[in-house]
Amino acid sequence: MRALGPKDTISVMLLPPDVLADRLKSGLLSFPVTHFDADLQFDEPRYREHLSWQASFDVAGLFAAGGTGEGFSLTSAEMDRVVRAAVDEVAGKVPVLAPATGGTAVSVAQAQAAQAAGASGLLLFPPYLTEAGQRGLIEHITTVCRAVDLGVIVYSRANAVLTDVTVAELADRNPNLIGLKDGIGDIEQMTRTYARVGDRLMYIGGLPTAETFALPLLQLGVSTYSSALYNFLPEFALRFYQAVLAQDRPAVYQMLNDFVIPYTNIRDRAKGYAVSIVKAGLTAVGRDGGRVRPPLSDLTSTELAELTALVEKIS
């Protein structure tokens, strides 16, 4: 299939923000990797094949070019191409959410490009490098929200950790703000946020290997999470999610011990492996995840063999 151009017409899933929120919080969320060729350029055919496979399971939403998708390494033009490919490939089946990153002007431009590309929603990442107070973050997030009609989920982490008071003000000011993705895991802060904001927003677990935190965070109103494991073990990831929703503690801890915790032991050996190990997982199941772009580094051959053996134990 040929690559899409910016003026091509594509099939989209148009969802009002509140409908999108209901859809996303009803199931597991996929954050697919972005495939690169031998020269580390976007490999659209392999990416489309992966997205088609991901969308063939019962998943509530696909977040293109997110953290696991190495969105931080993409130019805005590449990001637009990735989002358009994802929308064209799966948006008739599954909502596709696009990223917005960097400073306010860049985030607005990416958000508007995502809307033009037919994305169903937006994940707003923290601005890079610069530190900012809560008032500045409110203005940044509000400016992006008001630049589009899409439902927006804001990612609270790194240099953009949002307090409960900030989240409440953002929810009041921006009707199309539909969710908060938590990348911190601070139980007190999440409790304060849910107590203040309640079900006005949906809450997404966004810590690396979110399965590790899924059961305790469920009690704090976090009804779904971003599953990197879904990239290469979709059936296992969905079984785990159903066990979490059922609060089946024996099943959850069995799967944690059998796979998730040993997996995180490999993940924790080097910075950036939270992404690298997902591409390695695809290779381990015979689907060729390929390489990560610098500044990330790939797993060693020994670590890939260890991961492959771990996958085989639960397959």
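Hi everyone, let's start at Tyr155, which sits in strand β5, residues 151-156; strands here are DSSP runs of E, at least two residues long, and helices are runs of H or I, at least four long, both numbered from the N terminus. A word on the model: it is predicted, local features need pLDDT of at least 70, side-chain atom pairs count only at pLDDT 80 or more, and totals for chains, interfaces and linings use all residues. Residues are numbered from 1 along each chain as its sequence is written, and side-chain values use heavy atoms, with hydrogens and water left out.

Is Tyr155 buried or exposed? Tyr155 is buried, at a relative accessible area of 5%, where buried means under 20%, exposed over 50%, and partly exposed in between, using a 1.4 Å probe and protein chains only. Setting aside residues up to four places away in sequence, Tyr155 touches Leu123, Phe125, Lys181 and Gly206, among others; contact means heavy atoms within 4.5 Å.

Now to Lys181, in strand β6, residues 177-182. Lys181 is buried too, at 4% relative accessibility. Its contacts beyond four places in sequence include Phe31, Ile153, Tyr155, Ile204 and Ser226.

Why look at this pair? UniProt, in an unreviewed entry, places the feature "active site" at Tyr155 and Lys181; such annotations may be inferred rather than shown by experiment.

Next, the open space. The largest pocket holds about 840 Å³ and is lined by 29 residues, with Gly67, Phe72, Tyr155, Arg157 and Val275 lying nearest its centre. On a 1 Å grid over the protein atoms alone, a cavity is a set of points where a 1.4 Å probe fits but cannot get out, while a pocket is an open set with protein on both sides within 12 Å along at least five of seven lines; lining residues have an atom within 4 Å of a point.

Finally, the packing. Of the 92 residues in the largest nonpolar core, Phe232, Phe240, Phe259 and Tyr263 touch the most other members; a core joins buried Ala, Val, Leu, Ile, Met, Phe, Trp, Tyr and Cys residues through side-chain atoms within 4.5 Å. A second, separate core of 15 residues includes Ala21, Phe63, Ile153 and Ile204.

Methods:
Grid points are joined across faces, edges and corners, and a volume is the space filled by probe spheres set on the points.
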